Amino acid sequence: MNEVAPIQAESLADYVERARQWLDSVTPRFGSGAQRGLETEAWVALARAYQKEKAAAGFACITLPREFGGGGGTEIQKILFGQEEFKRGMPWGFYGVSLGMPVPMLLRYGEKDAIDRLVPPSIRGELLWCQLFSEPAAGSDLAALRTRAVRDGDGWRITGQKLWTSWAQYADYAIAVVRTDPTVPKHAGLTFFWLDMKSPGVEVRTVRKLAGENEINEVFLDNVYVPDSQRMGAVGDGFKVAIETLMIERYAVGDDAMGGPSLELFAARAASARINGRPALEDGQVRAALADALVERQGLRSIHRRALTAIGQGKEPGPEGSIRKLRLGHRRQILGQLLLDLLGPDGVRLDPSEVAATDAAWSWITVPGGRIAGGTDEILRNTIAEKILGLPQDYRPDKKVPFNQIP
Amino acid sequence: MASTRTPQLPRLRATMGSMMEDEIQTMLLDQARRLVETEVSWQRLKALLEEPGSFDVALWEKAVELGWPAVAIAEEAGGLGLGVSALAPLLQILGEYTVSLPLVAGYVTASALAAGGVAPDVAAALAGGESMAALALGEPGESGLMPAARFADGKVTGAKAPAAFAAVATHALVSALDGATPGLYLVELGDSMREAAPTLDNARAAAALRLDGAAAIPVASGWNAVLHWASIAAALTAWEQIGGTERCLSISVAYAKERKVFGQPIGAFQAIKHKLADMYQELEIGRGCAIDALESLEAGETDRFLALAAAARLGASAAYDFASRETIQTHGGIGVTWEAEPHHHYRRARVHALELGGAPFWRDLLLDGQPALENA
């Protein structure tokens with residue numbers, strides 16, 4: 001860390017201006033244009049180089065302490081920087097998990113030695129962390145996980161299978177939630193650890209997603225030794241710590257097309273597409289779809305702006321921010337489908353040099369995961385109904401039964 | 001319909017002169033809550049639904065006494081000058097209980113008169129509640145607001161679609177063509193001009209107008225002027241729609257927690273939970289649009305306001321339509337009875353969505369205004 005301007009002294013507007021200037025200066029090398037057509041390996045190398053420069057400029061982990069290489073800034077600075085970064089299509093996604101959850105959790109729960117040794121290089125992007133949460137039989141229902149940890153001297157032996165783990169094939173370390181006591185009800189028998197992905201017994205296999213993307217993995221853990229000093233939180237508190245992990249990024253950043261084409265681009269494409277020789281934008285169905293999307297975007301922008309104001313004043317944003325992902329994922333999917341309809345027979349093309357932000361086919365084919373990862377549409381509706389509206393929980397017959405007695 | 005109560009505006013002005021803005025706002029909302037709690041009942045509202053052109057005169061007189069018609073009207077025009085942001089929360093409370101008072105019509109008409117520099121006495125009487133206005137902007141055969149009625153030689157001739165409050169109003173702000181140019185005209189209503197036909201929601205005091213050379217004062221000229229004032233009406237009406245949507249959600253949630261089938265509250269079933277979660281989303285999208293339109297109106301924006309008003313109109317209409325129909329569905333059999341509350345909202349949601357022009361018309365306005373929303 002050197003040559004970093006004193007952040008506390010500057011206004012938010014000055015901060016954003018400085019962020020924009022820096023981002024603009026590196027966009028030609030790292031922005032969306034520089035990523036077109038890159039294979040996974042080359043893209044990862046680009047993401048690593050970007051993270052190194054971002055950390056040197058003081059924009060990595062904006063809310064984490066400067067002594068570990070963070071920005072020492074505020075939540076609102078982080079959100080505003082993230083928005084600018086998203087707009088330029090910077091390759092932040094490679095470190096999204098690593099720096100979003102595991103590293104802040106290590107700062108909260110790790111031993112001093114581990115923090116000093118691992119946090120600074122992680123923030124610089126030299127080390128990567130993954131999150132071993134979901135399993136084949138535990139997705140939305142995380143507490144149903146089966147990976148076991150049993151005592152072994154000063155530590156634990158972990159055995160099981162994790163799934164949907166982003167970037168595990170490149171990860172140096174992981175946080176993991178595992179079952180340490182199968183004789184108690186499922187939420188009560190979990191414990192949280194961090195572990196070295198290079199430990200004997202860890203095997204990673206990449207799971208190819210439907211559009212061919214290579215970021216998710218299954219991780220097999222075969223009698224992997226973890227010292228008890230790497231336990232995070234009390235034995236049996238794993239579910240609580242896992243929820244705490246997921247709450248860190250409680251106000252997520254993104255654009256208002258969720259990575260798909262903007263509504264301006266949609267309108268422009270619909271204006272140039274023809275239906276029996278007439279501009280598709282004159283078609284009533286197309287107009288209704290675009291109008292619906294514009295109304296939704298405006299409502300979400302208003303919600304977002306109020307949330308930023310609240311966060312900027314140190315207050316909790318309203319619960320209505322939780323509808324954003326649910327709305328935008330679905331919207332991107334139906335608009336992608338409609339835009340392809342407007343292209344007609346030529347819409348079947350899937351051009352390898354194109355990306356989701358500018359291309360209907362890529363937007364459409366890569367969006368299904370967005371409606372599942374980070375809370376399925378169905379779970380998000382349940383959360384709104386239960387947490388905001390106060391409706392009863394679903395029937396959960398396994399909730400109070402010892403885990404090893406669940407049929 | 002003139003109020004028999006003494007206008008309280010001078011006294012209110014004196015009282016408010018010593019109050020902070022948020023104190024005034026709190027006072028208005030307290031008054032509104034108290035009024036709907038003490039004076040409004042579903043029984044009374046049902047009685048209004050029975051007869052075409054119904055209007056709660058006693059409630060209107062109370063509202064006049066409290067100065068509500070004057071709240072947003074500029075002081076120069078005879079109002080209290082508290083702005084649209086003071087009126088919106090009031091409308092929201094009235095909307096919760098499907099209370100129909102011509103506050104939006106009065107504000108829009110008085111403001112249009114003041115902007116046009118005509119009929120200052122009428123504007124002041126609207127603020128004081130001695131006069132009452134209706135917005136007669138729709139016509140048979142037109143989904144949107146393009147008029148076919150004619151203005152010539154100081155007179156308007158043509159048929160207007162049922163307009164809220166036209167059954168009881170003293171004046172109407174009427175759209176008509178002068179040659180090929182649409183504009184707005186002030187018409188003093190006589191009983192021979194109006195016909196209170198049965199409507200989906202008889203509590204709107206609606207009447208169709210048949211104008212046959214009715215004396216008319218030109219107020220504003222040009223299609224943009226018509227859109228401007230209609231958009232203000234839409235942006236404010238959105239708050240009544242948001243109030244109604246909120247009420248639908250809250251009674252549906254309460255019912256879903258209480259009503260049991262198959263051994264569980266119906267609110268424990270995802271079919272109901274997800275429906276109500278969708279209702280919540282529609283409400284918050286609509287509210288977000290309504291907030292943005294109101295702020296834009298207060299800031300005096302032009303192009304951006306028109307686009308935001310269209311978004312608020314569409315968002316709030318969609319939210320209230322969705323919430324009201326699914327409120328009936330959530331209530332099941334009881335929801336389709338006359339005695340239950342949901343049909344008040346089902347009716348009100350639809351007439352709100354129609355009175356200022358149908359969705360296809362506002363979608364066109366929104367798409368025309370899309371460039372102003374790129375970074376909104």
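Helices (H or I, at least four residues) and strands (E, at least two) are DSSP runs, numbered from the N terminus.

## Model and conventions

This is a predicted model, in which local features need pLDDT of at least 70 and side-chain atom pairs count only at pLDDT 80 or more, while totals for chains, interfaces and linings use all residues. Residues are numbered from 1 along each chain as its sequence is written, and chains are lettered from A and ligands numbered from 1 in the order in which they are written.

## Helix α10 of chain A

With 29 residues, α10(A) should span 42 Å at 1.5 Å a residue, and its end C-alpha atoms are 42 Å apart, which agrees. The expected span is 1.5 Å times one less than the number of residues in the helix. After α10(A) comes A:G314, which has a positive phi near 75 degrees.

## Contact between chains A and B

Two residues are in contact if their C-beta atoms, placed from the backbone, lie within 7 Å. The contact between the chains takes 29 residues from chain A and 31 residues from chain B. On the chain A side, α9 (263-272), α10 (284-312) and α13 (377-388) each supply at least two residues. The largest share of that side, 13 residues, comes from α10(A).

By class, the side of chain A that touches chain B has 16 nonpolar, five polar and eight charged residues. Here Ala, Val, Leu, Ile, Met, Phe, Trp, Tyr, Cys and Pro count as nonpolar, Asp, Glu, Lys and Arg as charged, and the others, Gly among them, as polar.

## Strands of chain A

Strands β2 (residues 148-152) and β3 (residues 155-166) of chain A run antiparallel and are joined by five bridges; two strands pair if DSSP finds at least two bridges between them. In this pair, A:A149 stands opposite A:I158 of β3(A). The two strands form a hairpin with two residues between them, and A:G153 in the turn has a positive phi of about 60 degrees.

β3(A) also pairs with β7 (residues 216-227) of chain A, in the antiparallel sense, over 10 bridges. A:G160 stands opposite A:L221 in β7(A).

## Domains of chain A

Domain bounds come from an automatic or database domain assignment. For chain A this gives domain 1 (7-90), domain 2 (129-248) and domain 3 (263-375). The C-alpha centres of domain 2 and domain 3 of chain A lie 34 Å apart. Their contact takes four residues from domain 2 of chain A and four residues from domain 3 of chain A. The domain 2 side divides into two nonpolar, no polar and two charged residues.

## Chain B

Chain B has 13 helices and nine strands. Its radius of gyration is 20 Å, close to the 21 Å that the globule rule gives for 376 residues, so chain B is as compact as a globular protein of that length. The radius is taken over C-alpha atoms, and the rule is 2.2 Å times the number of residues to the power 0.38. Of the 376 residues in chain B, 58% are buried, meaning that 20 or more other C-beta atoms, placed from the backbone, lie within 10 Å of the residue's own.

The domains of chain B are domain 1 (9-128), domain 2 (133-222) and domain 3 (225-373). The C-alpha centres of domain 1 and domain 3 of chain B lie 22 Å apart. Their contact takes 18 residues from domain 1 of chain B and 20 residues from domain 3 of chain B. The largest share of the domain 1 side, 10 residues, comes from α5(B).

How values were computed. A residue is buried if 20 or more other C-beta atoms lie within 10 Å of its own, exposed if 12 or fewer, and partly exposed in between; C-beta atoms are placed from the backbone.
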